[in-house]
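Grab a pencil and work through these exercises with the structure open beside you. Try each task before you read its solution.

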Amino acid sequence: MIPPPVLWTVVVLGVIAIGYYLIQVFEEPVVRAHQIDLFAYRVAGERVLDGISLYDTPLIGTTKGVFEFVYSPFSALAFIPVVVLSGTWFTVIGSLINFAIMAGVVWLALSWLGYVRDARLAVFSVAVAGVLLWCEPIRQTVIFGQVNLVLLALVMVDLALPDRVRWKGVLIGIAAGIKLIPAFFVLYLLVTKRFRAAAVAGAAFVGTVVLGFLFLPKDSWQFWTGAFLDPARVGVPDHPANETLKGMIARTLGVGPAQQLLWLALAGAVAVIGLLLARRLSLGGRELAAVLVCGLVSTAVSPFSWPHHWVWLGLLLVYLLHLSLRRGAVFDRFALAVTWLVSMGGVLALFGSPVPTVMDIPSWGHLGVLYHNVYVWLVVAIFVVVLLRIRKENARLAELESALR
């Protein structure tokens, strides 16, 4: 149960957050709700209907690497319904859908954690989603009309299903068919020995590829034989907004074969460690924490992740809020405050700062490598905390076993 003081505090903060966000949208709609990525999705849907190639030219403009279509042909088929949106409804529906999905994800996460599914939880979830409008990945996703929250919701709903459900894995396969990164969760299903769900996810993914070839054979051939591996379609690895291990290495050490090998080694190590930690958390009954670790790790090891790809940070804040409600949870409250500080977006401007996030603060000495890559370092910190807590739990278990002998 959510303590009444916490409930009403979050509700008040949520109302203020939503209200002020709407004020900004009405004052600067072109800046605060431009939905430029949703517009690109609409262009992709139009190209499908008009029989125009998805990959020969950028969706918007003519500059190589800017607004290239980087998703699969199947995703373009899924974007066809967006074609009917236009004018004010385009902006309103694009923004509201992402906000509604965020509220639904919060509700699902809290339900997963054992909170009673009643009207209070629904109100609380909407309020939390309102506060998360000021979390930079969520804020950017809503402003740009991005698809990240849709993918997160597909993965969350799938993994929340009981393992006995025969079609568990389908939604993960569909998410991977839209954007390849969610395929990381197939590895998670494998390491947690949910082989049937992993097979279903793999089959669903293959189904999306087949559908692409059936309806868009030329584009499918072009995408799967090279376009999806072309880094120039997304952006150069040392781009300031590439919040990944590869981006950090490129900005710190440069771009070249040695740096590429270093990234592959580090990304592989981080992926393995993340999967092993997630497996341990899952076996310990902390499924949401395991899913969170996988979501954050998959984003960190991706070749290119814009800040709005890190929507898992919004879910991390929800989980830390849950942990903070426990009596004596001093460290968890500290972790919640730190995570909010590094992931908030637009809040600094309220205090006169010229930059919207911590990541945008100009480099001061060599400290820029820390706060310009803060999301990556946050994943490292999560690894350390989870490892320490597992070690502590092992020590307690050893003491208990010794006492029972």
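**Exercise 1: the second largest pocket**

Helix α19 gives the largest share of the lining of the second largest pocket, eleven residues. Before you go on, note that this is a predicted model, where local features need pLDDT of at least 70, side-chain atom pairs count only at pLDDT 80 or more, and totals for chains, interfaces and linings use all residues. Residues are numbered from 1 along each chain as its sequence is written, and side-chain values use heavy atoms, with hydrogens and water left out.

Task: Which helices each supply at least two residues of this pocket's lining, and which residues lie nearest its centre?

Solution: 
- Step 1. A pocket, on a 1 Å grid over the protein atoms alone, is an open set of points where a 1.4 Å probe fits, with protein on both sides within 12 Å along at least five of seven lines; lining residues have an atom within 4 Å of a point.
- Step 2. Look up the helices: α15, α16, α17 (330-343) and α19 (374-404) each supply at least two lining residues.
- Step 3. Look at the centre: of the 34 lining residues, Leu-323, Asp-332, Val-385, Val-386 and Arg-389 lie nearest to it.

**Exercise 2: helix α16**

Solution: 
- Step 1. The expected span of a helix is 1.5 Å times one less than its number of residues.
- Step 2. With 13 residues, α16 should span 18 Å, and its end C-alpha atoms are 18 Å apart, so the two agree.
- Step 3. Buried means under 20% relative accessible area, exposed over 50%, and partly exposed in between (1.4 Å probe, protein chains only).
- Step 4. Twelve of the 13 residues in α16 are buried, including Trp-312, Gly-314, Leu-317 and Leu-323.

**Exercise 3: Ser-305**

Task: Where is Ser-305 placed, and what is it in contact with?

Solution: 
- Step 1. Ser-305 sits in the loop between α15 (287-301) and α16 (312-324).
- Step 2. Its relative accessibility is 2%, so Ser-305 counts as buried.
- Step 3. Contact means heavy atoms within 4.5 Å. Skipping neighbours within four places in sequence, Ser-305 is in contact with Ala-241, Asn-242, Glu-243, Thr-244, Thr-299 and Trp-310.

**Exercise 4: a pair in one helix**

Task: What separates Glu-136 and Arg-139 along helix α7?

Solution: 
- Step 1. The side chains of Glu-136 and Arg-139 meet in a salt bridge (3.0 Å, N to O).
- Step 2. Glu-136 and Arg-139 are three residues apart in α7 (residues 136-144), so about one helical turn separates them.
- Step 3. Both Glu-136 and Arg-139 are buried.

Technical notes: Helix = DSSP H or I, 4+ residues; strand = E, 2+ residues; numbered from the N terminus. Salt bridge = Lys/Arg side-chain N within 4 Å of Asp/Glu carboxyl O.
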